[in-house]
Amino acid sequence: MDNAAADRFDISRFEAGRNRLASLAYRLLGSAADADDAVQDAFLHWQAADRQRIRVPEAWLTKVVTNLCLDRLRSAQARRERTVGAWLPEPLLDGDPMLGPADTFEQRESVSLAVLTLMERLSPSERAVYVLREAFSYSHAEIAEILDITESASQQHLSRGRLRITAARRGGGEVDQASARRIVEEFLAAASSGRTERLVALLTDDATAISDGAGLTEKLLRYDTPQRIAAVARAGFKPTPAKRRLAGGTPAIHYALVNGSPAILFVVGDQVIGAVTFDIAGGRIATVRGIAAPARLVRLTEAWQQHEPDTPLVTQW
């Protein structure tokens, strides 16, 4: 095999694993854009390496991507952005390859917005062990090799990570999709019509709402009582000419699945301008997340443009 043919073969080997590497990076970073950057950096490492000496490319690339992500998580910029309370995971439309693997409940849960947010409570090493074990089923021996730690340390990181996430997680198990859709449709109808009592009834007693303020605020906006959430939802879902001007038109509202959770998307033309996601627990809404910062919706919009949507819940908001 000549050099050009060898290069093409090695590039094809990398491309064959790109989606897996991207899904690993996304779980570690919570950002599709940063995940793509990490995978591209890994490709540059791959090209510069003596590939004939790499016995197991998948393992080598997993180690490179994991450590590139850990470097990002430990950077001063990442610590600054994530500690001021201005960070939410980047939402992805179901079917996005970056959400895989999704064969088991643990794999699907590890990429939910709820768990991605909770993983911010973990140290970078705990986060890496948690993702490698829960989402990709690596053994502790393999994780120890990837992270250059002992198997005992890997086990300890996993134990602490599981404990912190389990203690903070709300609800459990998977939600019936038909029931989830019904609850979200009821929430939309109640919010649009201003029925505060119905909104409160749809929320758990300890419900939380979080909004990125469309990227116009430095910190996330948080609301921590059903009554306050209902008031904010009633005001937020009421259409006005000013809101339509800000949106750039009259949005349609679609039901969708985002990171495996029920969501409604505000769409103008073929652009997603806002996403509201819901965590359901015990037949009621435990968490509402409003994401409208344009930078967080780039990949979701690209996926939506390739998607065949259902009939909108609201044709003209």
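**Entry 1, salt bridges.** I counted as a salt bridge a side-chain nitrogen of Lys or Arg within 4 Å of a carboxyl oxygen of Asp or Glu. The model is a predicted one, in which local features need pLDDT of at least 70 and side-chain atom pairs count only at pLDDT 80 or more, while totals for chains, interfaces and linings use all residues. Residues are numbered from 1 along each chain as its sequence is written, and side-chain values use heavy atoms, with hydrogens and water left out. My search of the whole structure found 19 salt bridges.

I took axes as lines fitted to C-alpha atoms, for helices over the stretch in contact, with angles running from 0 to 180 degrees between N-to-C directions. Helix α2 (residues 18-29) packs with helix α8 (residues 124-134) at about 140 degrees, their axes being 10 Å apart. I noted that α2 and α8 are therefore oblique to each other (under 35 degrees is roughly parallel, over 145 roughly antiparallel, 65 to 115 roughly perpendicular, and the rest oblique). Leu-24, Arg-27, Leu-28 and Leu-29 of α2 make the contact with Arg-127, Ala-128, Val-131 and Leu-132 of α8, where contact means heavy atoms within 4.5 Å.

Next I looked up α4 against α8, whose axes come within 10 Å and cross at roughly 145 degrees. On the α4 side I listed Thr-62, Thr-66, Leu-70, Leu-73 and Arg-74, and on the α8 side Pro-124, Ser-125, Arg-127, Ala-128 and Leu-132.

For α8 with helix α9 (residues 140-147), I found a packing angle of about 140 degrees and axes 10 Å apart, and α8 and α9 are therefore oblique to each other. Here Ser-125, Ala-128, Val-129, Leu-132 and Arg-133 of α8 meet His-140, Ile-143, Ile-146 and Leu-147 of α9.

Which order do the strands of the open sheet take? I read β2-β1-β6-β5-β4-β3, six strands with mixed pairing, two strands being paired if DSSP finds at least two bridges between them. The edges are β2 (221-223) and β3 (252-258), each with a single partner strand, so one side of each is left without a neighbour in the sheet. Neighbouring strands are turned by 20 degrees against each other on average, direction ignored. Strand β1 (residues 203-211) and β2 run antiparallel and are joined by three bridges; Ala-209 has Tyr-223 as its bridge partner in β2.

Helix α15 (residues 298-305) lies across β3, β4 and β5 and runs at about 100 degrees to β5.

Key
Helix = DSSP H or I, 4+ residues; strand = E, 2+ residues; numbered from the N terminus.
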